[in-house]
Amino acid sequence: MMNYYPYFQLAPVLFGRGVAGQTGEVVKKLGCGNALLVTDPGVAAVGAAETVRAALAAAGVAVTVWDQAQMDCPEQTVRDAAAVARAQKVDCVVGVGGGSVLDTAKAVAAVSVNGDGVLGEMPLYLAGQKQYAVPPLAVIEVPTTSGTRSQSTFVAVVTSDALDCKIGLPVHPAYGVVDPLLTRTVPQDITAYTGMDAFSHANEALTEQKASRHSDLLAYEAIRLIRDDLPMAIADGSNMEARENLAFASNIAGISFNESGTHIGHSIAHALGHVYHLPHGVCCANVTPAVIAFTARTYPEKMKKLGELMGAVFSSDAPAEIGRAAAKAVREFAARVGGPTFRQLGLDEEKVLAVRDAVWNDALAHAYGGSFTLEDVEQMLLDTLG
Ligand code: NAD
């Protein structure tokens, strides 16, 4: 852990049941009046996009709805939406949806005013070697899942054509409007895997290089809430107390990992998700126990605390034992909330090891707050199979 650290929250968040109805006031307060509302067909079908569109219109904000966002934010969708944003001369982008939509909204905010060329140079923007010529439009994010918390993080995760993988494009949100009522329609399977995505953010934030007392505090509390409320929300999707706690948990996990970060787990999840076309949260659920078993070597106290929260029983305080028992408890939790295992999805030793070099060469993996070798990556990949 660093001896000194900043703590902050990237953007203000309006949180609570029904606050989606105030999105128009939020947009106006930011000085905007002509919005592109970005969403996807699934979110449009359950009425969440219409709730926000109506709120914007009621506040006198002009709105153009673009509902063609796709899973994992392919580049072409950003180009398509950015063209609409330019044609309508919008002054802000409102994302209403899960992480894929929120990331699309962020990317559109940068690309619409700086040109499609931004998409070909994402690594330079991510590394801080290139700055936007024009500041991105204001982005107001209205999440409808309790997973990514893109509204609290500094990047849009975009699937790059040139790199054939996911990469972060830095775009700061201007405001988050987190209304747990919008998550009520999330189906059981997506509730499970978005919850495990949030869990993975909290877990990795504990052991990234920039982890601090502040980011740790948020991460442990997120884990505690997910432990209690994810099974309840899966058992009864209309349990609004559980939904609200999950929305809060995923939001504070997002703040925690924006301050600290994610690392090897997300690098593995991105690589496997991309190659085998698996939902991000499903990858996180399978990868997280493997990461816990490994990071306990360097961070036994933190992984013991995480394990205790998850009901692990330790036979000794040896780091390997802490890692084994904490990983087992989290693997059992993931099984209980019902996500498929990698083996059930057809992955085997050869398939997981195929992404070994991609993970090793990924800068994100090396944000881990400890050392590791290529052999460690191999072991973690094998451990994802349970
Ligand atoms: P998602 O946005 O891909 O959505 C999954 C499905 O859920 C879609 O079919 C969508 O229509 C549906 N859905 C969303 N809300 C719904 C609702 N209320 N009711 C019914 N259906 C609903 O899923 P996600 O897990 O939220 O996001 C995953 C993406 O987020 C990945 O691309 C990942 O890379 C990205 N991500 C970004 C960050 C970041 O910091 N920017 C962090 C983590 C993950």
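User: Which backbone oxygen lies 2.7 Å from a polar atom of the side chain of K302?
Analyst: That is the backbone oxygen of L206. Keep in mind that this is a predicted model.

User: Where is K302 found?
Analyst: K302 sits in helix α12.

User: Is K302 buried or exposed?
Analyst: K302 is buried, because its relative accessible area is 11% and the cut-off for buried is under 20%.

User: Which residues of α12 are buried?
Analyst: Helix α12 spans residues 300-309, and its buried residues are K302, M303, L306, G307 and L309.

User: Why do they line one face of the helix?
Analyst: Look down the axis of α12. The buried residues fall within an arc of 160°, so they line one face.

User: What covers them?
Analyst: The cover includes α7, α8 (213-235), α11 (280-295) and α13 (319-337).

User: And which residue with a positive phi follows α12?
Analyst: G311 does, with a phi near 85°.

User: Which residues have a positive phi although they are not glycine?
Analyst: D164 is one of them, with a phi of about 55°. H277 is another, also with a phi of about 55°.

User: Where is D164, and is it buried or exposed?
Analyst: D164 lies in the loop between β6 and β7. D164 is exposed, with a relative accessible area of 53%.

User: What about H277, which loop is it in?
Analyst: H277 is in the loop between α10 (264-276) and α11. H277 counts as exposed, at 67% relative accessibility.

User: What lies 2.6 Å from an oxygen atom of the ligand?
Analyst: An N or O atom in the side chain of D72 does. D40 also has a polar side-chain atom 2.9 Å from an oxygen atom of the ligand. On the backbone, a polar atom of L182 is 2.9 Å from a nitrogen atom of the ligand.

User: How much of the ligand does the protein cover?
Analyst: On its own, the ligand has 880 Å² of accessible area, and the protein covers 91% of that.

User: What else does K166 touch?
Analyst: Besides D72, K166 touches V157, V158, T159, H270 and H280, leaving out residues up to four places away in sequence.

User: How far is K166 from A156?
Analyst: Their C-alpha atoms are 9.8 Å apart, and the two residues are 10 apart in sequence.

User: Last one. How far apart are D236 and N114?
Analyst: Their C-alpha atoms are separated by 45 Å, and along the chain they are 122 residues apart. D236 is in the loop between α8 and α9 (240-259). D236 is partly exposed, with a relative accessible area of 37%.

How values were computed:
Residues numbered from 1 in each chain as written. Predicted model: local features only at pLDDT ≥ 70, side-chain atom pairs only at ≥ 80, totals over all residues. Heavy atoms only, no water. Polar contact = N/O pair within 3.5 Å; in protein donor to acceptor, adjacent residues only side chain to side chain. Areas by Shrake-Rupley, 256 points an atom, 1.4 Å probe, with all protein chains shown as cover. Buried < 20%, exposed > 50% of the residue type's maximum accessible area, 1.4 Å probe, protein only. Helix = DSSP H or I, 4+ residues; strand = E, 2+ residues; numbered from the N terminus. Arc of directions from axis to C-beta. Contact = heavy atoms within 4.5 Å.
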